[in-house]
Amino acid sequence: MIAALLEDKHLEELLRARVRQLLESGQISLFLGYERQESLPGILPSSVPCIIRDPSDVARLVFDRVCHRSLVKYLLDLPTGGDSKERRAGLVVRGCDSLALQRLIQDHRVSREEVYLLGIPCTGMVDKRKLSKVYPQSPSVSLESILDDTCLGCDTHNPVIYDELLCEKVSEAPSSVVDFVQVRRLEALSPDERYKVWEAEFSRCIRCFACRNVCPACDCRQCTLESNDPGWITKHTSISEQFMFHFIRAFHVAGRCVGCGECERVCPMGINIGELNRKFMKDIRELFGRDNPKMPRDVEPLGKFNPDDPEEFL
Amino acid sequence: MSQHEQWQPLIVAFCCNWCSYAGADLAGTSRLEYPPSIRIIRVPCSGRINPQFVVRAFQRGADGVLVAGCHPGDCHYSTGNFFARRRFLLATRFLEYLGIEPERFEVRWISGSEGQKFADVVRELTERVRKLGPAWKLRDAV
Amino acid sequence: MSETGKNPLLPSVHTIREVRDETDVGDVKTFVVDGSFDYLPGQCAMVSVFGVGECMISITSSPDASARGRYLEFAVKKVGLVTEALHELEPGCKIGIRGPYGNHFPFEQWAGKKLLFIGGGIGLAPLRSLINHCIAHKEEYRYGPIEIVYGARSPGDLCFKDEIMGHWPKCEDTTVHLTVDRGDENWKGHVGFVPQFVEEIAPSPSDCVAITCGPPIMIKLVLETLRKLGFEDDQVITTLELKMQCGIGKCGRCNVGSKYVCKDGPVFSLAQLKQLPAEF
Amino acid sequence: MSATITVDLEELETQLAGDVSRRFDVYVPVDENGAVVFRRLTTPASGWLKRSVSLTRSVLPANKLLTPQTDPVLRFQGGPTDYEVSDAAASTDLVILGVKPCDARALKLLDKVFADESDIDQVYVERRQKTVLIGVACEKPEPTCFCKAMGVSPWSSDDCDLMIYPMQGLEGLALKCSSDKGQAFLAGMHLTIRELPAETSEEIEAHYRAIPQPLSEFVGHPEALSLDSFELPIWGRISERCLSCGLCTYLCPTCYCFAVVDKSLGERGLRARCWDSCMFPDFLKMAGGHNPRPTKKERVRQRFMHKLCYTHERYGQIFCVGCGRCVEKCPVGLHFVDVLSQLRRELAGGGGDGL
């Protein structure tokens, strides 16, 4: 049964009980979690972000393998300052979420004190496309065969920050992302061939900004893409503007991307956005000697320098 | 072929105010010859140059782009060009990754006393770009 | 190229004839442009600076004056990109204009009634078209006495000074009440906010139509005052301002409920507004 | 209604890629890295027709070809005292092959906006007149499809000029003409046409009728919302998870909002209609800073009230054709079916009306 593969009832019970305590004790004023969407005939199960404010609603909370989307960016929607207690929020964090949250904390968009983190070591979410091929009836499906590729290459299953863990840590494996297979394949092409690849990819872009809005590294209060002056992009979608948009988006998360893969997952047009982010990861690794470019540090690679950085411009 | 020889590539150069712009100035006052097709944009520091500027230059008509600043260690603001160096180590690779010919884009450190170097860099860049022909890849049109 | 030549968003190109500073600080300018078209008081036009963009501006000249002089007038406050660019322009410059758009003030329905105009700041612009039209056709429509209440932040912010201090007070059966939020050493008139001033003047609601236009907060308080004075919802007329892009009810921008401000508005009675979701 | 006919697949393919492509811009669906998109037919590899008609619904609705994302209005040249302005609105003779019935119905709805009111958008109307819609009956609907619930039948030729029935087991490709335009277009191709007996025609319809669409049964037949729903608490609750991206609106066949945007490069410039989305925070933000829909609650409410209430009041129709794109693609599941379902529960709980 695929349903059984997706769920962990025991963990869910723990989660609900703990959230109820936290809300009832007043330690947090709301909880950011996931709830299962109403099941629709023939449609893949899906869990979506929700906010719980009333302890009697904790039964809505789930944690399963279809909890896509990271919760941390919703913290930015919550009012802050003044008397607002909304930011005293609890939330579920997996490995990648904890990296994303660290990013927001570093950028002073969230303070560590205002959030209470229930850590969940995570062994991966399923890929909806893979799942759709076997759902609902397929007698024997291995979990590995339906896991998301980004999750399969993950080296941060365990949260790096949390207030408490809801279950035992899992063992970490070295990431396969560092092989940068696709990036190397593209690098091997000629400039003209590469241009053709990106032209084809970007020509599908509809500028819905789902990639930006879902990205935890895109946390500016005012996005440069929405500034009228100088107007780096307009709403015109010439291929030149598409290149500019993707250049800006990728460069603005260079050295800040936590590798969660959300941008690729939400893109309705199936654009290879991740290969732009991974190119920066690879170069940062090679040029500035960062073994794990996606792990947030106090200062990011582009926010500092080393006098001994490679010199190519003499 | 003759058309290509006639054609003058448009080079946009972002020069820091303190070194490279002075270098360009020196090249001029020393009457050193370099192609007239260059358009210099003076910026306070190479650290001011956002890589988006380079894309914008290609969008709006540049066939080649030069980014020039003080030598590392000589920055008027002491560290601006160290940041620029990191940024453009990535930017050069990224532009190439997007399919822009690496010959069209160059970053160089040019001091205020290096008038000759400025002239040489511009001449070489112009010649390389001339061989490639007009840039069309990021060009915007209405 | 469109074969029918009926591209609905294609403006005609007009030359600016004259630019007048309305306020001391220079944030409101009136642009007089060559050429005219048929329109009615309250209607708007899409004015564009090529390369910057378009914005919807109410036509402040009265249809009578426009027709006579073959011109259109727009009073424009500098608030955004397009209006800033407009303010840079001088006589001789060319701008795009398309319109007229929207409905008009229902002045034909006010025969025999007293007219009470209440304006604030740049909100006098659409009212000015209407006031001049009503004054010119006072006998034809048998209007009763006309009262105009107008206020601005300071004496220097009062617009259309020639009319509010010169022409209108001299017209028959027409009274102008001016007020400013803050006076200065030369200001001898009333000091105070428009809504309170209206309350002090206490116009009688019987056989009266009140037409108000100004900043949203002023409109809100004026509506409250009028209610207290006994005005019914259908006796109160105002205009809505929303971001607009097309002017013809196609771009989906300016809807309030199922109404488009650019097409079904901008003029609404308070009774009509109460039928709409409060989202403007 | 004219009878169902069959034509030879290769013959049709040759005609479309050859003579028809010289007279029309022909757009067909193609699979690009798993995303089905409409592309201009230029130098197709043989067998393209069969591939095109067997593809699932495109990511972007076919009808967006008539309202492109960047749609030129005018071009200008010169400086402030001597602008030369030229009309840039264009329409071409267009053939769109592979239109799903949901997208074809969406065009009927958009006709109400652009062609049915006092201010007619002539550019749209002209495009519509010059476009031949060749539909494809849905052989294999996506699990997210619920067009039947919205009154669209996935095999009906009503909203197209020609309809293809890519059903297996027939000799040749089954077609049906459903308009004079379709008739003339078909005649212009000089194909060898075989008329099918009435019973085969019925078999075809029965075949498509039998294809299940489970989500439609779940959705039922929604009725329009009344303005009272504006104040329901549901909007605040469901909008909390919205990402404020424009994915749902850009993928929606019945969304049509646009902005008019100028772009100048030196002395030359282009003004264009560009897609815009009511889900973007600055959609309604005015130059002075006032924003009538400042939070996600108002914006999400606008999207669903617009589709379920305002368009119904104004045009007499709910603006949803059940294509299921929002159901499939919304990153946070804030889609038509989920919202409808929650609205029903809320209205039932509160003793409200409708749906």
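## Ground rules

Residues are numbered from 1 along each chain as its sequence is written, and chains are lettered from A, with ligands numbered from 1, in the order in which they are written. Because the model is predicted, local features need pLDDT of at least 70 and side-chain atom pairs count only at pLDDT 80 or more, while totals for chains, interfaces and linings use all residues; side-chain values use heavy atoms, with hydrogens and water left out.

As for confidence, the predictor gives the complex an ipTM of 0.93 and a pTM of 0.94.

## Who touches whom

Five pairs of chains are in contact (heavy atoms within 4.5 Å), and chains C and D share the most contacts. Chains B and C, on the other hand, do not touch: their nearest C-alpha atoms sit 11 Å apart.

## The A–D interface

Chain A puts 37 residues into its contact with chain D, and chain D puts in 46. About 3,300 Å² is buried between them, with carbon and sulfur atoms giving 57% of it; buried area is the accessible area (1.4 Å probe) that two parts lose on being put together, summed over both. On the chain A side, Ile206(A), Lys235(A) and His236(A) lose the most area to chain D, together 20% of what that side buries.

The rule finds six salt bridges across this interface, a salt bridge being a side-chain nitrogen of Lys or Arg within 4 Å of a carboxyl oxygen of Asp or Glu. Glu240(D) makes a salt bridge with Arg53(A), their closest N and O atoms being 2.8 Å apart. Elements giving two or more residues to the chain A side are β2 (47–52), α8 (191–203) and α9 (210–214) of chain A. Helices (H or I, at least four residues) and strands (E, at least two) are DSSP runs, numbered from the N terminus.

## Salt bridges elsewhere

Side chains of opposite charge can pair when their charged atoms come close. Over all chains, the search of the whole structure turns up 81 salt bridges. Glu201(A) and Arg204(A) form one at 3.3 Å, N to O, and both residues are buried. Here buried means under 20% relative accessible area, exposed over 50%, and partly exposed in between (1.4 Å probe, protein chains only).

Glu18(C) and Arg20(C) pair up at 3.5 Å, N to O. Glu18(C) is partly exposed at 35% relative accessible area, and Arg20(C) is partly exposed at 27%. Asp264(C) meets Arg314(D) at 2.6 Å, N to O. Asp264(C) lies in the loop between β14 (259–260) and β15 (267–269) of chain C and Arg314(D) in helix α10 (residues 296–315) of chain D, so this pair joins two chains. In chain A, Glu7(A), Lys9(A), Glu12(A), Glu13(A), Arg16(A), Arg36(A) and Asp64(A) are linked in a salt-bridge network.

Helix α3 (residues 51–59) of chain B is mostly covered, with nine of its nine residues buried. Those buried residues, including Phe53(B) and Phe58(B), pack against α10 (239–252) of chain A as well as β1 (11–16), β3 (64–69), α4 (80–97) and β4 (105–109) of chain B. After α3(B) comes Gly61(B), whose phi is positive, near 125°.

Arg249(A) lies in α10 of chain A. Arg249(A) is buried yet has no salt bridge, and the nearest side chain of opposite charge, Glu264(A), is 8.9 Å away. Lys and Arg count as positive and Asp and Glu as negative, with His and the chain ends not counted. Leaving out residues up to four places away in sequence, Arg249(A) touches Cys211(A), Ile273(A) and Asn277(A).
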